[in-house]
Amino acid sequence: MIPIVVIPLLFYMAYWIYDGAVWCADSMSYVVMYDSREPLYPTLLALFRRLIPPDGSVPMEEQRYLFWVVGVQSILAAVSVSVLVIYLVRQLKLSKWMGYVLMMIPLGVSLLNRYAAKRGSMYSNCILTEGITISIFLLFIRFAYEYMISGSKKALILSVAMTILGVSTRKQMYVLLVLLLLVLVVVGVRSGPGDAEADGTDGVASGQAGGALSRRLGSTAFTCMVCVALALGVPALYDCTYNYILRGDFTRHTEDNRFVSTMALYTAEREYAEYIDPGLRDIWLEIYDACDEAGYLYHSAPDGWLDAVRHFEDNYDHIQLDVMQVVLERTADDTGMETVDRNELHSARMDAIRSEFNSSLLPHEAGRLLRIFINNLLAGLVLTVAKLHPVLCIYAVLVYALYLGLLVVYIRRGNRQIACFAGLTLAGILVNVGLVSAVIFCQTRYTIYLMAPFYIAMMLMIYRIWHRPETKTDVAEHDAVKMGVAGQ
C-alpha cells in the first residue's frame, strides 16, 4: 500500500512546486473575505496570512502565503486519493495492479484539468474553494461507502464531519447532506427484519419482525434528524460567528439568492414588470432592458439543445455580474421600501430586492424554468463523464448505458459491496447535477466532483466480471457484511 500513498503525494507536490498558486477570477472574494462567501475557505486563507504576513510591495495574487495554502491543498488532494483507494483495495480484496489503476483515475482527472481543459491548472493549485472541496467530497464518498457496507459508527461520524466542512465551504456541498440522508435511509431499510422473516413465518415471528422494523425505522429517523441538525446548525453558527467577528453583525453570509434571480431574469419577458412591486419596477426594467438589448435572455437563444445550453452558459455571468449586480450596487441603498431599507448591510439590501424579484417572477416562469433545468441536467450529466461536445455527448450516453447495465447485473447477483459503491456514485451524480442545474449552469468546475468516482466504480464493475472471488468466499463476505450492519 505504500506506493498508493507515496505516488499521489509526489504527484500533487510536484505540481505544487511547478505551478505554485493559481489566481482565479473568484480568488479575491475569498482573500478579502466578502460577506457573500461561506466562512471556511476565507478563514483558512486568513490563518496562513497570520502565519506568513503579506508583503505590501507584492501584488495580492503573488503573496508568499498563497504558495503554502496550495501546499496544504495538494497534500489534502493526495490524502483523499490514497484513503479512498486503499479502503477499496482492502475491502474488496483487489489485486495490487488494480489498486494502481484506481489510483491513477483521480490523478488522470487532475491531468485533464491541467492539460486538456481550457483552465490549464489543477484545482488543487487554485485559490478557490474547489482546492479543498473536491478532496472533501472524495473523503465523504469513502466514509459514506464504509457506513453503507459495515454500519460503522466511526464512518458515520466522519461522513457527518465531511458534510459540515463541505457546507461551511460552499453551498454546493449541501449535496453531501442529501447523499448522507440517502445513505442513512438505505442502511436503515436494508437492515430491517429481513433475517427474522427468513427464519420464522408464524405470527410471533412476524410480530417480532414488525417490531424490529419499527424500531429500526425509528432509530433511522432519529439519526437523520441529528445529522441534519449538525450539518445545518454547526455551519450556521460558524457563519454567524465569523460575520460577527468581522462585521459586528451576527448573521449568515449574503447573496445566496442571486443565482435564482439570474434564472428568473433569464426566462422573463418585459411584460412581467406588472408582477414587480411598483417601488422596484424601475430597477427591474433597467436590468431587464440592458440584458434584452445585449441578447442575454431566453428568447434570444438559438435553436437546438447544445446551442441553447451554451447560450445560457455564456450569458449567465453577464446577467448576474455585469448587469444585475452593477445596477443593484448603485440603487439598493435608496429604494424607499421598508423591507429593503431596514437591512443594515448593503449586500443584505441587495438580497431583499432580489427576493422581491424572485417571489414575483418565479410563479409565472415554471415552464421555461423546467426547460432550462432539463437542458442543464443533460449537460451536467455529460460534463460529469466527458466534455460538452457533440461526439462526446454520444460517448456519454453509451458509457452511462454501460454503467447502468453493469449496476443492474451486480444488484441481481447480490454483490452488495460493488453495487453500493456504484449506486452511491450514481446517486451523487444525479443529486449534484440536479442541484446545480436548478440554480446555475453546469460547467466542469461544478461537475468534476464525481468524475473520478464514476470511472472508479466503472472499473470495479468491469474488473469483478473477470476476477470474481470464489463463490463460498463471496457468500461469506456478503453474510458477514449483512450481519455487521444488522448488529449496529
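Is Arg-330 buried or exposed? In this predicted model, Arg-330 has a relative accessibility of 54% and therefore counts as exposed. Its side chain meets that of Glu-286 in a salt bridge, with 2.3 Å from N to O. Glu-286 belongs to helix 12 (residues 278-294) and Arg-330 to helix 13 (residues 305-331), so this pair links distant parts of the chain, 44 residues apart. Glu-286 has a relative accessibility of 34% and counts as partly exposed.

The count of salt bridges comes to 15. Another of them joins Asp-19 and Arg-114, whose closest N and O atoms are 2.8 Å apart. This pair also links distant parts of the chain: Asp-19 is in helix 1 (residues 2-19) and Arg-114 in helix 5 (residues 96-116), 95 residues apart. Asp-19 is partly exposed, at a relative accessible area of 22%, whereas Arg-114 counts as buried at 15% relative accessibility.

A further salt bridge forms between the side chains of Glu-130 and Arg-170, at 3.1 Å from N to O. Glu-130 lies in helix 6 (residues 130-150), while Arg-170 lies in the loop between helix 7 (153-167) and helix 8, so the pair ties together parts 40 residues apart in sequence. Glu-130 is buried, with a relative accessible area of 1%. Arg-170 also counts as buried, at 11% relative accessibility. Both residues belong to a network, in which salt bridges that share partners join Asp-26, Arg-37, Glu-130, Arg-170 and Arg-445.

Helix 8 covers residues 174-190, 17 residues in total, and reaches 24 Å from its first C-alpha to its last. That span is close to the 24 Å expected at 1.5 Å a residue. The buried residues of helix 8 are Val-175, Leu-176, Leu-177, Leu-179, Leu-180, Val-183, Leu-184, Val-187 and Gly-188.

In soluble globular proteins, nonpolar side chains tend to be buried together. Here the largest nonpolar core has 149 residues, and Trp-284, Ile-287 and Leu-460 touch the most other members. What is Trp-284 in contact with, leaving aside its neighbours within four places in sequence? The contacts of Trp-284 are Leu-265, Ala-268, Glu-269, Arg-270, Tyr-272, Ala-273, Ile-276, Phe-357 and Leu-361.

The cysteines come next. How many disulfides are there? The count comes to 0. Cys-24 is in no disulfide, and the nearest cysteine sulfur, that of Cys-126, is 3.8 Å away. A disulfide needs the two sulfur atoms to be within 2.5 Å. Cys-24 counts as buried at 16% relative accessibility, and Cys-240 counts as buried at 12%.

Cys-442 is found in the loop between helix 18 (416-439) and helix 19 (444-447). Why does Cys-442 count as buried? Its relative accessible area is 3%, and buried means under 20%. Leaving aside neighbours within four places in sequence, Cys-442 is in contact with Glu-313, Asn-376, Gly-380, Leu-383, Val-433, Val-436, Ser-437 and Thr-447. Pro-54 is 388 residues from Cys-442 along the chain, and the C-alpha atoms of these two residues are separated by 35 Å.

Conventions:
Residues numbered from 1 in each chain as written. Predicted model: local features only at pLDDT ≥ 70, side-chain atom pairs only at ≥ 80, totals over all residues. Heavy atoms only, no water. Helix = DSSP H or I, 4+ residues; strand = E, 2+ residues; numbered from the N terminus. Expected span 1.5 Å × (residues − 1). Buried < 20%, exposed > 50% of the residue type's maximum accessible area, 1.4 Å probe, protein only. Core = buried A, V, L, I, M, F, W, Y, C linked by side-chain atoms within 4.5 Å. Contact = heavy atoms within 4.5 Å. Salt bridge = Lys/Arg side-chain N within 4 Å of Asp/Glu carboxyl O.
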